[in-house]
Amino acid sequence: MSAFRMQCKVEIIRILRNPYFVFWSLLMPIVFYIIFTKVFNTNIQDKQEWQAHYLMSMTAFSVMGSAIMTLGIRLVEERTKGWSLFMRITPLSDHAYFAAKMIGQTVIHLFSIVIIFIAGALINGVTLTAFEWLMSGIWILLGSLPFLALGTLVGTMKRVDTASGISNVIYMILAISGGMWMPMDVMPAFIQKIGIWLPSYNFGNGAWEIIRGNTPEWINFLLLIGYLFLFMLLSSYIRRKQEAAV
Amino acid sequence: MDSIVVLDHVTKTFKNKKAVDQVSFSIKKGEVVAILGPNGAGKTTSIMMMLGLLDPTSGEVRVFNSHPKEKKIRERIGAMLQEVSVIDALKVKEIIQLFRSYYPNPMPFEELVAFTGLNKDDLKRRADKLSGGQKRRLGFALALAGDPELVFFDEPTVGLDITSRKLFWNTIGELKARGKTIIFTTHYLQEADDVADRIILFNHGTIIEDGTPAEIKAKLSKQSVSFAASEAIDIADLKRLPHVSDVYKRNDRIYVITDQTDAVIAALFEKNIKISGIQIEHGRLDEAFEQLTENKEAI
C-alpha cells in the first residue's frame, strides 16, 4: 500500500511543479476574476451575486482546465517517452498507476478550489454561507470527473503537439460557450442553444444555482453523468484498439 | 527446475513480418547471457516478450515458472530498456525512492546510488535535466531498485563513452558475483565475449548459434588454407577432404575453409595434389561475425 501512497504523492508533486498548471489553473482564473469583477463591472445590478457567480465560473474553469490539459498532455508525454511501458514492468499495476493519477488530480482540484475561493473572499469579500461554500466546492470537485475522463481521451492521442493543440481548443470552446467567461444570457442565441447541452455549462450551472440558494438542476446531474460514461467508454475503446494494434 | 527463463517455440509476427521465428531456449539461475545479433535480428522483441510487454503470436514464455505479467514475477525482475526517457518534474532521489517503494525487498538506497556512481549533487537535480549518460545511470539504478534476481539490459552500452562502458561492465561483474541472472542484448561481439557466460546469436528472428563464447568463436572464426589455383585442382575433390567446411576460388587462389589447418595440409600432400604458394589464414572474429550475419541475410 505504501507504493500506492507514494505514487499519489509523486503525482501531486509533479503537477505542482508544472509551470503550466500554476499559470493556467491558478494564476489565470484569479487574474480573470479580478478583471471581470473589479475592472469591467459597470451596469451590474446585483454586484454581490455577480461576484459570487463569477467566482464559481473561474473555479470551474480552473478545475476543468487541469482535468483536461494537465492530465491529458501528461498521459501522452508519458507514453511517447516510453515511461508508461517502463511502468508496466514494475510490480505497480496499471490500475494502481491510473488510480494514483486520478487521486493526485482530485487532490490538486481540491487545492485549486480552496485557493480560488480564498482569493474570491479576499479580493471581493464574497460572502456565502458555510453550507454554500461547502456544497459548491463539492459540486466542482465531483463535477470534474467527466473532464478527467475527457483528459484520458486526450491522453490517447499520439503526439504531444496534437494533444496540447486540440485540448486547448476544446478547453476554450467549452469555457466560452458554456458561459464560464461571460454569463450565458449575454451570448448569441445559437450559442445558448448549443451551450446548454455542453458539459461545461452543466458543470458551471450547478455551482451557479448553489450560490443562489438553489440546488443544481436534474439535467445538470444527468448530463454530467452521461458525459462521464461517454468519455470513459470512448477512451477505453480507443485504448483497447491501440493495444490490439501492437 | 533451475531454469528461470524458458522460451518454447516462440514466434512474434508484426503485420505479417516475423520478428521472432520459432525461438526456443532456457536460461539457468546465475547465468550471464548475451543475446547477440545485428540490428533487426529480433533481440529487443525477445526481451520485450520475456518481460511480458509483448505477447508472443505463438509459443510460450515463462519466467520463474510463471507468466511474466504476474505481480510476484515482476517483483523479482528489473530491466533497463532502450528509448525510455525519465519521468519529468521529479528529482533523481525522489524517483529512486519511488521505485524502491514498488518492491517488497528493495536494495538499500545508498547501495543503489553507489552502483550508479551518481554524486550527491546529481541526486538533488531534476532527472530530466541530467545528461544522457547520467540518465542511463539512473535507468540502471531503477532496474536494480527492487534488488532483482533477474535483470534485463537492452543494448545497455549504446551511446556510452569508453569509460562509462567499462564502469558498466564492472558493475555487471559485481552483480554476477552476487548470483544475479543477467540477460543483455548487444550487437558487439566483443562485449558479449568479454562479459557473458553464454552467447545466443540471433539473426533474422532465429537463433543461429547458442553456446559459450569460446564455442561460438571457434565456430565463427574460421581458418583457411589457401594456395595458387591451377587447372589440375578440382574444387569438388577438395570439398570431400576431412575437416573441410567450404572451398572457394578468389583472385586466382583457392581457399579451403577448415577448423583443422594442419590436418588439411597433411591430407593435401597425402593425396599428392600439386599445390604451391601455401598460406594459412586466421579469420578475424569481427569479420567472421559480420560475414555470418550477412550471409544469412542473402538467404
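The legends below describe several close-up views of a predicted model. Because the model is predicted, local features are given where pLDDT is at least 70 and side-chain atom pairs count only at pLDDT 80 or more, while totals for chains, interfaces and linings use all residues. Residues are numbered from 1 along each chain as its sequence is written, chains are lettered from A in the order in which they are written, and side-chain values use heavy atoms, leaving out hydrogens and water.

**View 1. Two helices of chain A, α7 and α8, cross each other.** The axes of α7(A) (residues 145-154) and α8(A) (residues 160-177), which are lines fitted to C-alpha atoms over the stretch in contact, come within 10 Å and cross at roughly 150°. The two helices are therefore roughly antiparallel to each other, a term used for angles over 145 degrees between N-to-C directions, on a scale from 0 to 180 degrees. Where they meet, Phe147(A), Leu150(A) and Val154(A) of α7(A) are in contact (heavy atoms within 4.5 Å) with Ala163(A), Ser167(A), Ile170(A) and Leu174(A) of α8(A). By class, this contact has 6 nonpolar residues, 1 polar residue and no charged residues.

**View 2. Ser235(A) sits in helix α11 of chain A.** This helix covers residues 218-245, helices here being DSSP runs (H or I) of at least four residues, and strands (E) runs of at least two. Ser235(A) is buried, with a relative accessible area of 6%, where buried means under 20% with a 1.4 Å probe and protein chains only. Not counting residues up to four places away in sequence, Ser235(A) touches Thr152(A), Leu153(A) and Thr156(A).

**View 3. Helix α3 of chain B is largely enclosed by the rest of the structure.** Of the 11 residues of this helix (residues 92-102), 9 are buried, among them Val92(B), Glu94(B), Arg100(B) and Tyr102(B). The buried residues pack against α1 (2-16) and α4 (83-87) of chain A, and also against α4 (109-116), α5 (120-124) and α6 (132-144) of chain B.

Notes
Buried < 20%, exposed > 50% of the residue type's maximum accessible area, 1.4 Å probe, protein only. Parallel < 35°, antiparallel > 145°, perpendicular 65-115°, else oblique. Nonpolar A, V, L, I, M, F, W, Y, C, P; charged D, E, K, R; others polar.
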